[in-house]
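Subject: Handover of a structure and the findings from it

Dear colleague,

Please find below the structure that I am handing over to you. The findings follow directly after it.

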Amino acid sequence: MADNKLKEVRHEFITRSNPAVISQLLDDLLHQGILCDEELEDVNVKNKRQDQARMLIDNVRRKGPEASCCFINFLRARDPYLAEQLGLQNVPAVGQPIEGNISEEEVQFLTSENGIRLCPQNDFQKIQTTEGTEIYPINNPKTRTRLALIICNIKFEYLNERLGAEVDLERMTLLLQDLGYNVETETNLNSQGITTCLKKFAAREEHKTSDGMFVVLMSHGLQDSLCGVHSEGEQSDIFSIKTVFSTFNNINCPALRGKPKVVIIQACRGGQRGYVIENAEDSAASAAASLQSDSHTVQFQTDAVRRVHVESDFICLYSTTPGKRL
């Protein structure tokens, strides 16, 4: 019986499962009606991954053979590598296909219209199993609501037009759409307009059922700020980059707490030239020397008291280094 099989593999499942798989299984079991909202919440409130896995498999096992068969089917679809390790590949499955299960189209090797290629599902599942604790949970593609925002200033009242920015906007939109995001775009905003747009985006209800977000800002810029369309320089119509992090922090945007928030900024960060002219054969040697000279070993100490940072789970990518221009 499937419930007895889950009892046999209980210890290994608790040891080997990762947060991403646990989250996906919870979504599948809730959708199928095997778990209720209260049971799902009981699992989610556990701080440790092992405690979540233990409560999940025990809840399902106690519901009998049919619920256990559904659990095994979901695990096979979500993480076939882990299912194989647990010896669950040959356990008899429920007779009918399970609604909410991953379809063949979702697990096969895919290439998008714009050239983005997903890795084979088996490779992805192996990465989930071996490095699962370092991977953010990925929500069910059928129910998640990923959002991305692009703000691109092209034409300015006093500064030069950003030639070619329309192409950057188009390409970035296609890229994010291929990654499963619903993309919203805004162009030619002043600094207050950028702030207002970001706050409205942070308040969107869709973030609650999303597993991450992208914000892309493209404009003329200074060291730690962007230029609004009415800017004449450092003293007028300037948007501070710090506003992005305060807008999407864990206080002002709790719906994205614990989820990756990717911020991409394409703008100058000063007046110095951001490039040099060199011979092709010199570039590899200089790069290697730079890596050696810049390497550091950093040691961190953990606090005894657990704290939640106000600003966490951010990654910010700049097109230039501080003080340089494009």
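For what follows, two residues are in contact when heavy atoms lie within 4.5 Å of each other. Please also bear in mind throughout that this is a predicted model.

Overall composition

The protein chain contains 12 helices and 9 strands. Of its 326 residues, 40% count as buried. Among the contacts between residues at least 6 apart in sequence, 75% join residues that are at least 24 apart.

The sheet and its helices

An open sheet of 5 strands is present, and its order is β2-β1-β3-β6-β8, with parallel pairing. Its edge strands are β2 (182-187) and β8 (314-318), each of which pairs on one side only. From one strand to the next, the twist averages 10°.

Helix α9, which covers residues 165-178, packs on this sheet and touches β1, β2, β3 (213-218) and β6 (261-266). The direction of α9 makes about 175° with that of β1. Helix α10, formed by residues 191-202, lies across β1, β2 and β3. Its direction, too, is at about 175° to β1.

Strand pairing can be followed across the sheet. In general, strands of a sheet pair through backbone hydrogen bonds, in either a parallel or an antiparallel sense. Here, strand β1 (residues 147-152) runs parallel to β2, and 6 bridges join them. Within this pair, L147 stands opposite N182 of β2. Strand β1 also pairs with β3 in the parallel sense, over 6 bridges, and I150 has V216 in β3 as its bridge partner. Strand β3 in turn pairs with β6, again in the parallel sense and over 6 bridges.

Two individual residues

N182, already mentioned as the residue opposite L147, has its place in strand β2. With a relative accessible area of 48%, N182 is partly exposed. Leaving aside residues up to four places away in sequence, N182 touches R146, L147 and A148.

Y81 is located in helix α6 (residues 80-85). Its relative accessibility is 25%, and Y81 therefore counts as partly exposed. When residues up to four places away in sequence are not counted, Y81 touches Q125, K126 and T129. The C-alpha atoms of Y81 and K126 are separated by 6.1 Å, although the two are 45 residues apart along the chain.

Positive phi values

Most residues other than glycine have a negative phi. D237 is buried, with a relative accessible area of 17%.

D313, in the loop between α12 (280-294) and β8, also has a positive phi, near 65°, without being a glycine. At 24% relative accessibility, D313 counts as partly exposed.

Rolling a probe the size of a water molecule over the atoms shows where empty space is left. The count comes to 1 cavity of 30 Å³ or more. About 40 Å³ of space lies in the largest cavity. This largest cavity is lined by L222, Q223, D224, S225, L226, I241, I265, A267, C268, R269 and Y318. What is the make-up of this lining? Its residues divide into 7 nonpolar, 2 polar and 2 charged.

Yours sincerely

Definitions and conventions: Residues are numbered from 1 along each chain as its sequence is written. This is a predicted model: local features need pLDDT of at least 70, side-chain atom pairs count only at pLDDT 80 or more; totals for chains, interfaces and linings use all residues. Side-chain values use heavy atoms; hydrogens and water are left out. Two strands pair if DSSP finds at least two bridges between them. Helices (H or I, at least four residues) and strands (E, at least two) are DSSP runs, numbered from the N terminus. Axes are lines fitted to C-alpha atoms, for helices over the stretch in contact, and angles run from 0 to 180 degrees between N-to-C directions. On a 1 Å grid over the protein atoms alone, a cavity is a set of points where a 1.4 Å probe fits but cannot get out, and a pocket is an open set with protein on both sides within 12 Å along at least five of seven lines; lining residues have an atom within 4 Å of a point. Grid points are joined across faces, edges and corners, and a volume is the space filled by probe spheres set on the points. Ala, Val, Leu, Ile, Met, Phe, Trp, Tyr, Cys and Pro count as nonpolar, Asp, Glu, Lys and Arg as charged, and the others, Gly among them, as polar. Buried means under 20% relative accessible area, exposed over 50%, partly exposed in between (1.4 Å probe, protein chains only).
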